[in-house]
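Grab a viewer and work through these exercises on cavities and what lines them. Each task comes with a solution in steps.

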Amino acid sequence: MKYAVVILDGAADWKMPFLQDQTALQASAITILDMMAAQGTCGVARTVPEGMEVSSNGACTSILGYDPVENFVGRGAIEAAAQGITLAPDEVAMRINTLTILDGVMTSYSGDNITTEESYDIVARLAELLNDEVFTIYPGKAYRHILVVKGHPEILDFSYTPPHDISDQPVTDKTLPQGEGSELLWHFMQAAHEALKDCPANKARAEAGKLPITDLWPFWPGAAPRDLTPFEEARGLRGTMTSSVDLLRGLSVLFGFNFMEVDGVTDGLDNDFGAQANAAIEALENDEADLAIVHVEAPDEMGHQGDIEGKMRAIECIDRDIMTRLFAFARKMSVENGGPGFRILAMPDHFTPIETRTHEGDPVPFLIWGDGIEANGAEAYSEEECVKTGLSLDPEGYKVMDLLVQAND
């Protein structure tokens, strides 16, 4: 049996009056997902346990079949692993965004969707100015970078607000770092703010009519993980993955997946959705993997931006360019046609409602379709239809992987 998992990051949503009381999934044209839902097994899964921060960190860990509490790794450490950064026992890694705060307001958590090339130049310059025996900055992709702090384990317990949670809202003392280690981080943030005032790249951005990068924002701390069981050892399956974000790259490193470098893969609507599907199919067809993960970031990005049209477009691109290809491949691989069998799991990792523009922890809708999977009553793929089946993995959402790879007769 071969398997594919499609993660529609942040695609789940709440009903919206301007969509005639529908969600983004319900209002989108998703012919293949709807068909698979009607023919397959659907339900809801709580991917982030109550009390845990709602992030793709724990949510995607659940989808991969790992209990996000027992196997918790701070997101900063996961993204550090994606960059090949090895953390010493006395080091803490965290994400830092290059972003824009104007007149005390979080104007853009992504620095006006800064490119990797522009961002790299800015962060590399800051690293030259700010790196010392305590702080080390590592440039990453787009607005996402890594800060490693040495000799201050208390940083693991500081309170933080992810910048995308306060889009277009005032930056206050309550949203700045609080608690253990916060004073150390404040000094770092202030030093970065001052250095950015005279940054040549900012002058070039201003001339191009772009927002300046005014600040670095640290959050999501994590220490080096210990005692994680590789996916192949736990499941007997070789895994491969494609994604645009370092979090998923880091999870692939920690859980022993191959990570596929695919040209044209981004976190926005310019993503090459078809290329992601083709890479997954090629790996499965060539027997390079038994299970392929296709993670698509675009619905989540559109949710954070409050762009409902963009979110629906991203969902429809997934259906048209990814699910259609996987459906055709499934027919070729089916037991009925003499193949080894094929199953697909499709689900968001969490909600990113247009209303709140941030992550919410409601149980997410999932569908499993393919050889040996029976219909359980859904008529389409949506939050409401998946609830109606009565199948609920709440609180143990990480058991969705068990449903996908269950033994078949």
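**Exercise 1.** Find which residues lie nearest the centre of the largest cavity, then sort its lining by class.

*Solution.* Start at the middle: of the 19 lining residues, Arg75, Tyr143, Trp220, Glu297 and Asp300 lie nearest the centre. A cavity here is a set of points on a 1 Å grid over the protein atoms alone where a 1.4 Å probe fits but cannot get out, and lining residues have an atom within 4 Å of a point. Next, the classes: seven nonpolar, five polar and seven charged residues. Ala, Val, Leu, Ile, Met, Phe, Trp, Tyr, Cys and Pro count as nonpolar, Asp, Glu, Lys and Arg as charged, and the others, Gly among them, as polar.

Before going on, note that this is a predicted model, where local features need pLDDT of at least 70, side-chain atom pairs count only at pLDDT 80 or more, and totals for chains, interfaces and linings use all residues. Numbering runs from 1 along each chain as its sequence is written, and side-chain values use heavy atoms, with hydrogens and water left out.

**Exercise 2.** Work out which helix gives the largest share of that lining.

*Solution.* Strands S3 (91-102) and S7 (215-222) and helices H9 (246-255) and H11 (298-304) each supply at least two residues. H11 comes out on top with three. Helices (H or I, at least four residues) and strands (E, at least two) are DSSP runs, numbered from the N terminus.

**Exercise 3.** Describe the lining of the second largest cavity by class.

*Solution.* Its lining includes Asn57, Phe72 and Leu251.

Technical notes. On a 1 Å grid over the protein atoms alone, a cavity is a set of points where a 1.4 Å probe fits but cannot get out, and a pocket is an open set with protein on both sides within 12 Å along at least five of seven lines; lining residues have an atom within 4 Å of a point.
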